[in-house]
Amino acid sequence: MKKLKAAVIGVGHLGKSHARIYHELPNVDLVALCDINPEQKTQADALGTNFTADYRSVLGQVDIASIVTPTSTHYTIAKDFLNSGVHVLIEKPITSQLDEADELIEISRQKKLILQVGHLERYNAGFRKIERIAKNVRFIEVHRLGPFNPRIKDCGVVLDLMIHDIDIILQLVKSEIESLDAIGINVLTAYEDIANVRIKFKNKAIADITASRLTPEAQRKIRIFQEDAYISLDYVTQSGQIFRKSGFAEALFGGKISREQIDIQKEEPLRAELEDFVKSAERGTPSGKPDLDARNALKVALDILKSIEENAPKPLHAF
Ligand code: NAD
């Protein structure tokens, strides 16, 4: 089969991993890396591929592109690639605005191109396992905490971190949102550096999510409570446990709980994500509806930002 020609736009912290993986995939020919920072040429040299500072010079030269630049640039770059007939993987969040996401979805559908978004936790082997166990979810609690990273300058923790969990929760609780209530605090930047939201779904399930970039110890955990079990997953170690009532009689007399380690075959989520994208581009059809799912996650993230604004204390009157 003909190899797909690939480019990576933005080869900073995450883009360099996209480049490495494309370079390793047997059905991909990594033809160019693009970055406005000329120092990133060393990445291209190390992989024996071309480098350009202007992504427009690779339009028409490639079949697939990963866009791994700051969020505020996703829309323009993705639009240029889609308009020149290229399948696109945009890092999360899809865009900063809903109308931009809608326009990209429209172009990709008209041109029958794949528009996938880097909601990486979907490809975490741990999540893939618990997705099959989770049923009739009643309550989900998520903590995604980490130290401050000055690299992310154009958004707060809701669009940068919490969006992962919003996407995952929308996959697990298949119900519309009834209401949400959020708080966000900016400490080190002009955006919220810590945020918490409670989402109530129409089916009465509730999700509580906390995201922070102010916490020294990194933690990425989800706890799922459902009628017959409690499931916990650590995304970082890709390890999980499931707790169940061990038997009706024992549950009645002493409430014994069984605890089972979930068997997870660890793998690199980004590799699984890019393999899926490449396969989708080869087939010409996506796995599921990644574009609409990403748009839905962005809509909820923007509603959370609105709630944060509404709940912020109002400035005192100046006399
Ligand atoms: P980064 O700052 O390390 O890298 C971004 C790179 O893009 C830089 O090298 C910069 O010079 C380059 N760039 C900026 N504008 C450009 C343009 N117009 N053309 C070409 N290059 C340009 O940032 P990062 O942490 O790698 O984040 C990049 C994107 O990846 C963001 O959207 C972020 O949200 C996303 N991200 C996703 C995950 C995940 O888990 N899925 C993790 C980290 C980052």
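Author: Let's start with D54, which is partly exposed because its relative accessibility is 33% (buried is under 20% relative accessible area, exposed over 50%, partly exposed in between, with a 1.4 Å probe and protein chains only). D54 pairs with R56, and their closest N and O atoms lie 3.1 Å apart. A salt bridge here needs a side-chain nitrogen of Lys or Arg within 4 Å of a carboxyl oxygen of Asp or Glu.

A word on the background: this is a predicted model, where local features need pLDDT of at least 70 and side-chain atom pairs count only at pLDDT 80 or more, while totals for chains, interfaces and linings use all residues. Residues are numbered from 1 along each chain as its sequence is written, and side-chain values use heavy atoms, without hydrogens or water.

Now find D160 and K92, which form a salt bridge with an N to O distance of 3.1 Å. This pair ties together distant parts of the chain, 68 residues apart: D160 sits in helix α6 (residues 157–172), and K92 in the loop between β5 (87–91) and α4. (Helices, H or I of at least four residues, and strands, E of at least two, are DSSP runs numbered from the N terminus.) D160 is buried at 12%, and K92 is buried at 13%.

Next come D303 and K299, bridged at 2.8 Å, N to O. They are 4 residues apart in helix α9, so about one helical turn separates them. D303 is partly exposed at 29%, as K299 is at 33%.

Finally, R20, E24, E268 and R271 are joined in a network of salt bridges. The total count is 21 salt bridges.
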